[in-house]
Amino acid sequence: MDYEKEYIYAPKCYESCAGYCCAGFTNPNFKLIRSNFIALPLFDIEYQEYLKAGAINGMEVAKKSEKFKLKGGQTIILHWLHCDKKGLCNPHANRPLVCKLYPILPKVSPNGEILGFFNGTIFDLFFSDKSHPCTLIRENRQETQDMLKANLKDLLKDPNYIFIFMVANIAVEHLQNYIKAKFGTYIIDNIAPNKLAEFWNEVEMAMVLRRAWNTHEFAFDIEKTYKSVAQIWGEFLPIEP
Ligand code: SF4
Ligand code: SF4
């Protein structure tokens, strides 16, 4: 992976939204999620590239790392960086993939074909395009998707990144389905004003306590996805006994 590669070119788009995506996803209804930093997830393969590129000043070490094991011993390591730079990360080229691809992520097939796109952070899953705080989504979605489609070609030849995007998509869908089961929708525009606080409280708890992901169905979907990618590309995650 070329860690300095740019995927979305939108010069000075931050002037149109007060830098929403780097500002901390403030939500007055959240009681536990603090907005003074953003937690950025990096799977191990990306984290190693990030370190090799020299990291971001002041963000040289992950705040937290987690290890998950699949049934066959394949090991997934997820690192979390905490960013409080409010858009001024330096060197900017070293920002994590989730920032470089913002505001969308690709929905991909196991062979790396792009099937569509979904909103790129769990905080944005509940907006329709017209209520989304990101100007690129509201005004330039098609152009942004086309740019990403062209620029992701190399990355989607690597089963690790195919798997990462598929896992991200599964995580998003499980969270959306969890909220939809409770409110009949996961789109904030469709929630009655007197239910808003309850809605965001449920979203926050689903994220913080991982209620949407601590399920057999989620684990099953991850296993199934790994197998589908490995069937085409061969084993790609390290296997621990
Ligand atoms: S990507 Fe979107 S949210 Fe982020 S600075 Fe640009 S317009 Fe704003
Ligand atoms: S690393 Fe840079 S682009 Fe990413 S959230 Fe932090 S300030 Fe924004």
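P91 sits in the loop between strand 3 (75-83) and helix 2 (97-100). The peptide bond from N90 to P91 is cis, with omega near -5°. Helices (H or I, at least four residues) and strands (E, at least two) are DSSP runs, numbered from the N terminus. This is a predicted model: local features need pLDDT of at least 70, side-chain atom pairs count only at pLDDT 80 or more, and totals for chains, interfaces and linings use all residues. Residues are numbered from 1 along each chain as its sequence is written, while chains are lettered from A and ligands numbered from 1 in the order in which they are written.

**Backbone features**

- A cis peptide bond also runs from Y102 to P103, with omega near 20°.
- P103 lies in the loop between helix 2 and strand 4 (104-108).
- K12 is not a glycine, yet its phi is positive, at about 55°.
- K12 belongs to the segment before strand 1 (38-43).
- A55 is another residue other than glycine with a positive phi, here near 60°.
- A55 is placed in the loop between helix 1 (44-52) and strand 2 (64-69).

**Buried or exposed**

- A residue is buried if 20 or more other C-beta atoms lie within 10 Å of its own, exposed if 12 or fewer, and partly exposed in between; C-beta atoms are placed from the backbone.
- K12 counts as exposed because it has 6 C-beta neighbours inside 10 Å.
- A55 is partly exposed, because 17 other C-beta atoms lie within 10 Å.
- L97 lies in helix 2.
- L97 counts as buried because it has 24 C-beta neighbours inside 10 Å.
- The C-alpha atoms of L97 and E4 are separated by 9.9 Å, although these residues are 93 residues apart along the chain.
- F220 is found in helix 6 (residues 216-233).
- F220 is exposed, because 10 other C-beta atoms lie within 10 Å.
- F220 and L70 are 150 residues apart along the chain, and their C-alpha atoms are separated by 9.7 Å.

- Three strands form an open sheet in the order 1-3-2, with antiparallel pairing. Two strands pair if DSSP finds at least two bridges between them.
- Strand 1 and strand 2 are the edge strands, and each pairs on one side only.
- From one strand to the next, the twist averages 25°. Axes are lines fitted to C-alpha atoms, for helices over the stretch in contact, and angles run from 0 to 180 degrees between N-to-C directions.
- Six bridges join strand 1 and strand 3 in the antiparallel sense.
- P41 has W80 in strand 3 as its bridge partner.
- Helix 1 lies across strand 1 and strand 3, and runs at about 105° to strand 1. Two residues are in contact if their C-beta atoms, placed from the backbone, lie within 7 Å.

**The hairpin**

- Strand 4 and strand 5 (residues 114-119) pair in the antiparallel sense, over five bridges.
- L105 stands opposite F118 in strand 5.
- These two strands form a hairpin with five residues between them.
- G112 in the turn has a positive phi of about 95°.

**The nonpolar core**

- The largest nonpolar core has 46 residues. Such a core is a set of buried Ala, Val, Leu, Ile, Met, Phe, Trp, Tyr and Cys residues joined through C-beta atoms within 7 Å.
- I162 and F165 have the most contacts inside this core.
- Helix 4 (residues 159-183) gives the most to the core, with ten residues.
- I162 touches V108, P110, G112, L156 and V229, not counting residues up to four places away in sequence.

**Around the ligands**

- Ligand 1 has 13 residues around it, and C13, Y14, C17, C21 and C134 come nearest. A residue is near a molecule or strand if its C-beta atom, placed from the backbone, lies within 6 Å of it.
- The shell around ligand 1 has ten nonpolar residues, three polar and no charged. Ala, Val, Leu, Ile, Met, Phe, Trp, Tyr, Cys and Pro count as nonpolar, Asp, Glu, Lys and Arg as charged, and the others, Gly among them, as polar.
- Around ligand 2 are C22, I38, I56, C83, K85, G87, C89, R95 and C99.
- The shell around ligand 2 divides into six nonpolar, one polar and two charged residues.
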